[in-house]
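Have a look at the structure first, then read on.

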Amino acid sequence: MNAPSPAPTIRLSRSCVGEEEIAALARVIRAGYLGMGSEVQKFEEELKAWIETDMSVTCVNTGTAALHLAMEALDIGPGDEVLVPSITYLASFQAVTACGATPIPCDVTLDRAFIDLDDARKRVTPRTRAIMPVHYGSDSQGMDMVYAFAHEHGLRVVEDAAHGFGCSRNGRKIGQDGDILCFSFDGIKNITSGEGGAVVTGDEKVAQRVRDARLLAVEKDSESRYSGQRTWLFDVHHQGYRYHMSNLMAAIGREQLKKLGSFSARRRHLVARYRSLLAGAQGLRMLDLDYDNIVPHIFVLRILGGRRDLLARALKEAGIESGIHYQANHLLSYFNRGYALPASEVLLEQIISIPLHAMLTDEEQDRVVRVVLQTLEA
Ligand SMILES: *Cc1c(COP(=O)(O)O)cnc(C)c1O
């Protein structure tokens, strides 16, 4: 007799793509124009229409590139400082160092892992130019306070909204308001374009600078390429990059945008279920996020009593992936400035992300919940 095959691994996250994306890619390939062209323009228009924003939307090849170009468009460079919450994806920090500026790690709040403005206040210097709040776990409830803080200190705000696409706050969609917002469409975000990102801003000077800088800073080359042209003779005033989005990527993104409604419903359903199934569990806390208004990109538990790694091992043994969002950046050699950030360090010991993506089934989720409860109750 054959041994029963083990249950398939439950993935932490995954790209949720199918025949629609395949057909869209085939269409672009057959048309023979793979680079940046009209497909990207259409994706930008559709994003703008979905968000219902007057601000301009510029697509690039990663969320990291979006953050980097936002920094550059503000002329942030060597000698300048940017306040960044320590608990975030490495990309937020690298986007600041990429332009030669210094990321200043700030603590986060224990209940939401959102930038702690009381801590940030202590770190403002005459060199501080901007603050980069992160929509951690897709939540941005604290954003109004960030804007008040930025106003008080004369700072620009670059929102790392990599987790925030599809969410809303105060009845307004993310991307309708704000100084500069950066989305990510990497493979596992709320929607994907394979890899990809977007800069959203109402500051037309910043928007034009980003549009040009994504194509080696050739002025208005984006506009030419949208109509199938190129700019051959030009002058250049700034550093530029090859950060543009391709038609292939945009074609995937356009299909994903059509699926956002069903993805959102699924992610919200799963998170509501996690919250009710884990509600009474001993030794864990859930983050105090605005669950009714977000499309949750990740689902993070705080495991108390030093048992996080025990749970991670138990999940692994049961064929379930988990993750840690994120390593505290202030502890990384490249960014360490020699001070402690107590809440970030507490969270770093406690946080674990359990599977969440739009293709996760209720049955798979039940398996995850069983392992969590069994481990914590043991
Ligand atoms: C994904 C992510 C980014 C970077 O986006 P990429 O598209 O992967 O480059 C930045 N910040 C956060 C918080 C992210 O989760």
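Axes here are lines fitted to C-alpha atoms, for helices over the stretch in contact, and angles run from 0 to 180 degrees between N-to-C directions. This is a predicted model, where local features need pLDDT of at least 70, side-chain atom pairs count only at pLDDT 80 or more, and totals for chains, interfaces and linings use all residues. Residues are numbered from 1 along each chain as its sequence is written, and side-chain values use heavy atoms, with hydrogens and water left out.

**Two helices**
- The axes of α3 and α4 come within 8 Å and cross at roughly 40° (helices are DSSP runs of H or I, at least four residues, numbered from the N terminus).

**Around the ligand**
- The ligand has 16 residues around it, and the closest are G63, T64, D160, S184 and K189 (a heavy atom within 4 Å counts as near).

**Polar contacts** (pairs of N or O atoms within 3.5 Å)
- D160 has a polar side-chain atom 2.7 Å from a nitrogen atom of the ligand.
- In D186, a side-chain N or O atom sits 2.8 Å from an oxygen atom of the ligand.
- For Y326, a polar side-chain atom is 3.1 Å from a ligand oxygen atom.
- The protein covers 95% of the 380 Å² of accessible area that the ligand has on its own (Shrake-Rupley method, 1.4 Å probe).

Definitions and conventions. Polar contact = N/O pair within 3.5 Å; in protein donor to acceptor, adjacent residues only side chain to side chain.
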